[in-house]
Amino acid sequence: MTVSDSTAWSDSYHNDRTPWDLGEAHPELRRRLAIDSGLGCGSVGTAYVPGCGRGHDAVALADAGWRVIASDFAPAVATEVSRLLAPSGGEFLLGDSLRFGGPVDLWFDHTFFCAIPPARRDEYGMAATRAVRPGGRVVSIVFPVGPSDLDTGPPFSMTTSDLTVALGSAFVTLEDDEVTRPVGRRGRHRWAAWRRQ
């Protein structure tokens, strides 16, 4: 399965073969939103959630006051996520999440970067640079943490450094913290944030 194979991703959702889906927003996102709904941005604004899947993280951000734009390549999730985001003024975009142009204050990633073949990671950085306003942030739950494996995936293992390289000189690293992994997930999780210069 590749990041651009919409049929395979949709089949996974239709057949409930979605081991990456926690069934809820990532606990670390919920914890941090309870402390600071702006996630360090100063205030809530517009957030983008690429590769949003069933939209759990997108809905958590919307519930915290963000205007959320979520995207995914899988048609199977389009109706559900659109319905969940509509009450808060959010929207769902069906298509390649790396084509999004912004502008947004926050780019929130959980299980999107790890689905991208390492050879395409520079496209992630270009998309984030294009979409995030100066002063805005990229926040990622880095998972699965480990040296990049170029041969297997998705998910492809990743490190915070992999994201830093992909984002390039337009971003400055602000945070890189190990966090408690959710029940049912193996391996280490990190919370990392970058500011757009």
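Good morning. The buried residues of helix H6 are covered by, among others, helix H5 (121-131), strand E5 (132-142), strand E6 (171-179) and strand E7 (189-196). Contact here means heavy atoms within 4.5 Å. Helices (H or I, at least four residues) and strands (E, at least two) are DSSP runs, numbered from the N terminus.

Before I continue, a word on the source. This is a predicted model, in which local features need pLDDT of at least 70 and side-chain atom pairs count only at pLDDT 80 or more, while totals for chains, interfaces and linings use all residues. Residues are numbered from 1 along each chain as its sequence is written, and side-chain values use heavy atoms, with hydrogens and water left out.

Which residues of H6 are buried? In this helix, residues 160-167, they are Thr-160, Asp-162, Leu-163, Ala-166 and Leu-167. They lie on the same side of H6, because they cover an arc of only 160° around the axis; the arc is that of the directions from the helix axis to the C-beta atoms. Buried means under 20% relative accessible area, exposed over 50%, and partly exposed in between (1.4 Å probe, protein chains only). Just after H6, Gly-168 takes a positive phi of about 75°.

Let us turn to the sheet. Seven strands form an open sheet with mixed pairing, in the order E3-E2-E1-E4-E5-E7-E6. Two strands pair if DSSP finds at least two bridges between them. Strand E3 (91-94) and E6 stand at the edges with a single partner strand each, so one side of each has no neighbour in the sheet. Strand E4 (residues 104-110) runs parallel to E5, and six bridges join them. Phe-108 stands opposite Val-139 in E5.

Finally, the salt bridges. A salt bridge is a side-chain nitrogen of Lys or Arg within 4 Å of a carboxyl oxygen of Asp or Glu. By this rule the count is 15. In one of them, Arg-32 meets Asp-177, with the closest N and O atoms 3.5 Å apart. Arg-32 lies in helix H2 (residues 27-35) and Asp-177 in strand E6, so the pair ties together parts 145 residues apart in sequence. Are these two residues buried or exposed? Arg-32 is buried, at 15% relative accessible area, whereas Asp-177 is partly exposed, at 32%.

Glu-178 forms a salt bridge with Arg-188 (3.2 Å, N to O) and another with Arg-190 (3.2 Å, N to O). Arg-190 lies in strand E7 and Glu-178 in strand E6, so this pair ties together parts twelve residues apart in sequence. Thank you.
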